[in-house]
Amino acid sequence: MPTGWDLSSISCESSIGDAESSDSLELDAGETITCTFTNTKRGHIIVDKVTEPSGDPQLFSFNASGGTTPTYENFSLTDDGEVNDQELKPGNYSVNETVARGWVLTDISCISSIGDSENADALELDAGETITCTFTNTQQFTIITLVCHAGELYVSEVTLESGQRTFSLSPGDVEGLTFNPCSLTEVGFEGGFLGSTSMTVTITAPPSTP
Ligand SMILES: [Ca+2]
Ligand SMILES: [Ca+2]
Ligand SMILES: [Ca+2]
């Protein structure tokens, strides 16, 4: 059997109406037996990962299901790494992503080599078809740590650009921000934005303990 092919059926017909099996043919005088071997080509499901911003090293896990011998196996991807390419028998499959913390799944698109319309959660893989699905994730800014002199409570504002993960502030960057002689305190901030190129964040430092 050539690789990428399966023997899907064998049928034998006798000209005199006998029941015939290809592994034990009983040829009678004047009989013609016609055997048909049918091979089915496997297809491919390819999944590519794209991150915004591009090339982020974050690993994304995918749950895959469907198929028997072989089954469609789970896998993980990064943007820069190889795509996942599995050779499978024609049938119904699905693939979905476990969205990593700090990321949003912003697009899934699947393209069929034979022009079918395909959805990642209900793929219909045909013989010889290649379906390529691209999962795009957009990064939220995750943890922003503001290091400040926390001798006193202050409120300030900064503007973050899309894709920006961290920032730091210096005296004079922001109106009202002053550095008092006191111990350093880390202030954690978590949030995210989509659909805009910038947002303004209000940061409130906690009261210090004397
Ligand atoms: Ca016969
Ligand atoms: Ca990629
Ligand atoms: Ca298809």
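Reply: Happy to! Lysine 89 sits in the loop between S6 and strand S7 (91-98). This is a predicted model, where local features need pLDDT of at least 70 and side-chain atom pairs count only at pLDDT 80 or more, while totals for chains, interfaces and linings use all residues. Residues are numbered from 1 along each chain as its sequence is written, and chains are lettered from A and ligands numbered from 1 in the order in which they are written.

Me: Why is lysine 89 called partly exposed?

Reply: A residue is buried if 20 or more other C-beta atoms, placed from the backbone, lie within 10 Å of its own, exposed if 12 or fewer, and partly exposed in between. Lysine 89 has 19 such atoms within 10 Å, so the label is partly exposed.

Me: What does lysine 89 touch, leaving out residues up to four places away in sequence?

Reply: Lysine 89 touches Asp6, Arg42 and Gly67; contact means that the C-beta atoms, placed from the backbone, lie within 7 Å.

Me: What makes S3 and S10 a pair of strands?

Reply: Strands are DSSP runs (E, at least two residues), numbered from the N terminus, and two of them pair if DSSP finds at least two bridges between them. Strand S3 (residues 43-52) and strand S10 (residues 130-139) are joined by 9 bridges, and they run parallel. One bridge links isoleucine 45 to isoleucine 131 in S10.

Me: Why are S6 and S8 at the edges of their sheet?

Reply: The open sheet has the order S6-S3-S10-S8. Strands S6 (84-88) and S8 (103-112) each have a single partner strand, so one side of each lacks a neighbour in the sheet.

How values were computed. Helices (H or I, at least four residues) and strands (E, at least two) are DSSP runs, numbered from the N terminus. Two residues are in contact if their C-beta atoms, placed from the backbone, lie within 7 Å.
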